[in-house]
Amino acid sequence: MDAAYQKLIIGNKKFAMEKKFDDPEYFKKLSLGQKPDYLWIGCSDSRVPANEVTRTESGEMFVHRNIANVVVHTDLNVMSVLEYAVNVLGVKHIIVCGHYGCGGVRAAMSHKTFGLVDKWLRNIKDVYHKHHLELDAIESEDKRADRLTELNVIEQVQNLAQTKIIQRAWHNGNHVAIHGWVYGLNSGLITELKAVYDDRNDIEPIYRYEFD
Ligand code: CO
């Protein structure tokens with residue numbers, strides 16, 4: 001059998017054994033249910049594993065990942081995750097985590113086609129277009145990509161705040177906070193870019209909903 005594949009099965013056995021060694025009740029407790037405080041919306045990139053970079057355990061973080069951590073209001077997948085995380089699990093913090101060196105952001109900056117993902121990356125081209133005066137003025141392509149990565153995270157934080165799910169939660173007294181982070185692949189460190197806390201004033205007026 002292929003060693004790369006076997007490694008996973010062996011790894012899993014070690015994982016289960018070690019966890020049970022540290023705490024014999026570990027899996028029994030987890031099997032009772034989840035009550036995570038955090039929703040992580042990150043990039044699919046294999047180098048940015050949500051639990052590992054935040055030193056969190058199983059059960060602590062609800063996770064959604066897609067290419068270049070985009071929050072699209074017509075994406076049933078991310079909206080279902082968001083609704084469940086906020087309304088059922090009651091997460092207290094939502095984190096959008098981008099990362100420097102993001103291939104998705106780089107691809108969106110280019111004029112090449114990559115297949116189906118072009119349609120997805122269109123969302124990031126739109127972010128570029130919105131900030132093109134600032135971005136076009138940055139000569140270094142690396143620095144321009146870094147800045148677009150940051151602007152994309154900030155945009156996705158705003159997209160979250162614009163959803164009815166978040167606004168209704170705030171209206172109902174649920175103070176769920178939204179944080180925008182960028183992770184440095186070469187430092188392992190997170191930089192906090194922006195946070196939105198239960199404040200309708202942070203939402204552009206046209207996106208504000210009213211509730212009875
Ligand atoms: Co990425």
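First, the ground rules. This is a predicted model, so local features need pLDDT of at least 70, side-chain atom pairs count only at pLDDT 80 or more, and totals for chains, interfaces and linings use all residues. Residues are numbered from 1 along each chain as its sequence is written, and side-chain values use heavy atoms, with hydrogens and water left out.

Let's start with the domains. Domain 1 covers 1-32, and domain 2 covers 33-207. Those bounds come from an automatic or database domain assignment. The two centres, taken over C-alpha atoms, are 30 Å apart.

Where do they touch? Six residues of domain 1 are in contact with four residues of domain 2. Contact means heavy atoms within 4.5 Å. About 360 Å² is buried between the two domains, and carbon and sulfur atoms give 36% of that. Buried area is the accessible area (1.4 Å probe) that two parts lose on being put together, summed over both.

How many salt bridges cross the interface of domain 1 and domain 2? The rule finds one. A salt bridge needs a side-chain nitrogen of Lys or Arg within 4 Å of a carboxyl oxygen of Asp or Glu. Glu57 pairs with Lys19 in a salt bridge, with the closest N and O atoms 3.0 Å apart. On the domain 1 side that touches domain 2, helix H2 (residues 26-31) gives the most, with four residues. Helices here are DSSP runs (H or I, at least four residues), numbered from the N terminus.

Now the whole structure. It holds eleven salt bridges. Here are three of them.

Take Asp45 and Arg47. Their closest N and O atoms are 2.7 Å apart. Asp45 counts as buried, at 14% relative accessibility. Arg47 is partly exposed, at 45%. Buried means under 20% relative accessible area, exposed over 50%, and partly exposed in between (1.4 Å probe, protein chains only).

Next, Glu155 and Lys130, at 2.9 Å between the closest N and O atoms. Glu155 lies in helix H8 (residues 141-161) and Lys130 in helix H6 (residues 117-130), so this pair ties together parts that are 25 residues apart in sequence. Glu155 is buried, at 12%. Lys130 is exposed, at 52%.

Third, Glu150 and Arg147, at 2.9 Å from N to O. These two sit three residues apart in helix H8, so about one helical turn separates them. Glu150 is buried, at 15%. Arg147 is partly exposed, at 24%.
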